[in-house]
Amino acid sequence: MQPDVIIETRNLTKVYRDFWGRQKVRALKSLDLEVRRGEIFGLLGPNGSGKTTTIKLILGLLFPTNGQALVFGRDSSDVTKNERVGYLPEESYLYRFLNAEETLDFYGRLFNISRAVRRQRVADLIEMVGLDWAKRRQLKEYSKGMTRRIGLAQALINDPELIVLDEPTTGLDPIGVREMKDLILKLRDEGKTVLMCSHLLADVQDVCDRIAILYQGELKEMGRVESLLKVRDVTEIRAAGLSAIAQEEVKQVIERNNGHVLNVDNPTTTLEELFLKIIQESKEHPGRRVRGVQEK
Amino acid sequence: MVVDLSDVAPFLTWLPSALLEWMLVVACLAVGITVVAWIITALLHGPVSAMRKIGRVLRDAVGDLIHISPRRVCALARLAIKESIRRRVVVVFVVFVLILLFAGWFLDLKSLDPARLYLNFVLTATSYLVLLLALFLSSLSLPADIKNRTLQTVATKPVRASEIVLGRIVGFTAVATFLLVLMGLVSYVFVERGIAYIERTREDLPPDREMLLARVPVYGKLVFQDRKGEPIKGVNVGDEWTYRSYVAGGTLASAVWTFQNVSEEAFPDGLPVEMTLGIFRTHKGEIEKGVPGSLSVRNPKTGKTVEVRIFEGKEFTTDVQNIPRELRTPEGKKLDLFKDIVSDGQVEVLLQCAAPGQYFGVAQADLYLRARDASFPLNFTKGYIGIWLQTLLVVSLGVMYSTFLSGPVAMLATLGTLLGGFFHDFMFRLATGQTYGGGPFESVIRILTQQNVTSEPEDSLRSTVAQTLDQAAEFGLRMLAAILPDFGRFSFSEFVASGFNIPGDTLLTYTCRAFGFVLPVFVAGYLCLKNRELAQ
């Protein structure tokens, strides 16, 4: 295994069987992929495509029927590899009778982190996820978003080299989604490796360097996001301040060169960007109503 | 239950053979389970792949067991303790206190042995409450974590399965220990105050009678002598319970206890003898009175015998008497107990029944010398240590079963194992052919052919096959008897309630036995959890 390959799966297969050993579901079929150091790798696919199964095989929560998964060069069943791994599950499966401080302290102890370091890290993480005001409340009193934040905090308690995120933006509001994405990018900038799986394509497109697309347990496509998304036989030109006459002239140049104009129109922003812009303006100017666009 | 301390072996004498037997049983179990696992894996994946998988499991097991992190175990134990506290386990203590507060409503304050009543009450109440709590906590915790998937988050940390199992066992045992300490303190105060009140208010009890005792008995070796004075086995009067043998009345038949290490320094005021008899009457006689008998002492070397006392033997009472230093023969000659009767530290005590047609029933532990009294508070504490050992067994079994069974099923399995342990002696007798009627296959034939259990089996192929199969069944039953804990024996409540000191050797022996069960149970729990897909 190459030194900059953090995760490697070789012919990884998972077949779920019943009590009598009869095959029930072939969840993953001969998956070969690599996740390299310092990148954000996305696993995409519809529900039931094998994304979560892949993650659980990599983490050692499931045993492969065939093939192998290696993390930091070690077999996925080796618990020592978890020293350098942080995991945020799809739902934050945390002990609801603990409060936030106790939760992070407990997971910190599992890494044999010393008391002083642990105490500082717990305080920093609680502040990072914005839950300082609720740190002494038991998790059973938390909202879903708050639980998700603590889940993220426990995934980072050991300052891991590899962070595995299963549907990280599920259940978050748009601000929470934005913050999560920013955090993922920040982690990458710090040199960490992130493996995330999601069925929300827009979220993956915004942050991932490379993606793999699964469908019914099989790998269908894998590569860098920008190269996969590039439509090679179409050229896009964006220009500001063009009059109608100038637009007509541009069309004629294209047709003279045997090109074919597909569409001329004003580009649209995304709903997310619009939403965030409105929220930001509301914070800056409270009480003032944002004026909508007058439709002709 | 009879309190019989007569065959308690010294701990250092018991330990080597017990350790060897333990290692043998554990080795047999390990090999057996490995072979079965290989067969099952070979059927699914082929023999070579099975060998590789089993090898990897064993190699990982050695690593996981050796590299257990005490810090992680403590963290997981703390989690178990916090979980218990936040589930309000202190309610158990509140219930216990309520029971004690209202005890006066249902305890018979006019009992002839109030100390036994009070002690049995507090020890039984404590046992039931703590053991039930331990059963619920240990059986339900892990399955709930697996179902809620909280264990998945833990398993993705560098935590070994061995640490998870050990952390639970340590955590729940710590909770039970804390509750036991609290209950023990409250119980002690309750018993002390209760007995003090009874001593003040009841005039029917002798004023100088001590109630809260921890007697240290010295037992002798019992032999029976027949009518002619020759050594024999005791008479069997047909009682199903064969604990006691009988001495015929109106004859020279006697029960003789030989005591060792009897000295002036150990017994400066004479020999304090306590005895409890069984009585078997072949005719009514004087039914209001006891059966007359005599107690004598004899020099084992010279045979010089001095009758010490004539008494009326009664059942269900403990007769306390002192054999004085100064003895008199029927001729009036004075003898000194230690100079004339005790020889090289040995002395014999003879019991004879004087009434023809009546019998005295005795066992070795029925007559002893009361050497001294140990500290009652310490003995009371030892009684609670016995409950703690039982709790440790329950917690370990509960956690082990919960690694692969659902909560309620794990609870039932734990209960079943403990109940099986209660029948340990019966299983052992079945396995070693000490019962009538043969093994299970022979018994089926006897039932179907309507033969009774004592008749000889018929000489046929069917019987031969059944007996051969029974040998295999007996082997399995012997293994089962060896691995099931004899749960009842870990309780020392009867010692405390009967006023006998729990010997240190007994405490050490049973502590080692408890840990001898806990260790393989822990390893079994680890293997089950390790090889389980937590995300399945």
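This is a predicted model: local features need pLDDT of at least 70, side-chain atom pairs count only at pLDDT 80 or more; totals for chains, interfaces and linings use all residues.
Q: Let's start with chain B. Which domains does the domain assignment give for chain B?

A: Two are listed: domain 1 covers 11-203 + 375-530, and domain 2 covers 216-373.

Q: How many Å apart are the C-alpha centres of domain 1 of chain B and domain 2 of chain B?

A: The C-alpha centres of these two domains of chain B are 40 Å apart.

Q: Now the interface. How should I think about it, and how many residues of chain A are in contact with chain B?

A: In general, the size of an interface is often given as the accessible area lost when the parts come together. Here we can look at residue contacts instead: 24 residues of chain A meet 24 residues of chain B. On the chain A side, at least two residues come from each of α1 (51-59), β6 (85-88) and α2 (100-110). The largest share, 4 residues, belongs to α2(A). By residue type, the chain A side holds 17 nonpolar, 4 polar and 3 charged residues.

Q: And the sheet in chain B: in what order do the 6 strands lie?

A: As a general idea, strands of a sheet pair through backbone hydrogen bonds, either parallel or antiparallel. In chain B, the open sheet runs β3-β2-β5-β13-β8-β9, with antiparallel pairing. Its edge strands, β3 (231-232) and β9 (305-313) of chain B, each pair on one side only.

Q: How many bridges join β5 of chain B to β13 of chain B?

A: There are 5 bridges between β5 (residues 254-259) and β13 (residues 347-353) of chain B, and these strands run antiparallel.

Technical notes: Residues are numbered from 1 along each chain as its sequence is written. Chains are lettered from A and ligands numbered from 1 in the order in which they are written. Domain bounds come from an automatic or database domain assignment. Two residues are in contact if their C-beta atoms, placed from the backbone, lie within 7 Å. Ala, Val, Leu, Ile, Met, Phe, Trp, Tyr, Cys and Pro count as nonpolar, Asp, Glu, Lys and Arg as charged, and the others, Gly among them, as polar. Two strands pair if DSSP finds at least two bridges between them.
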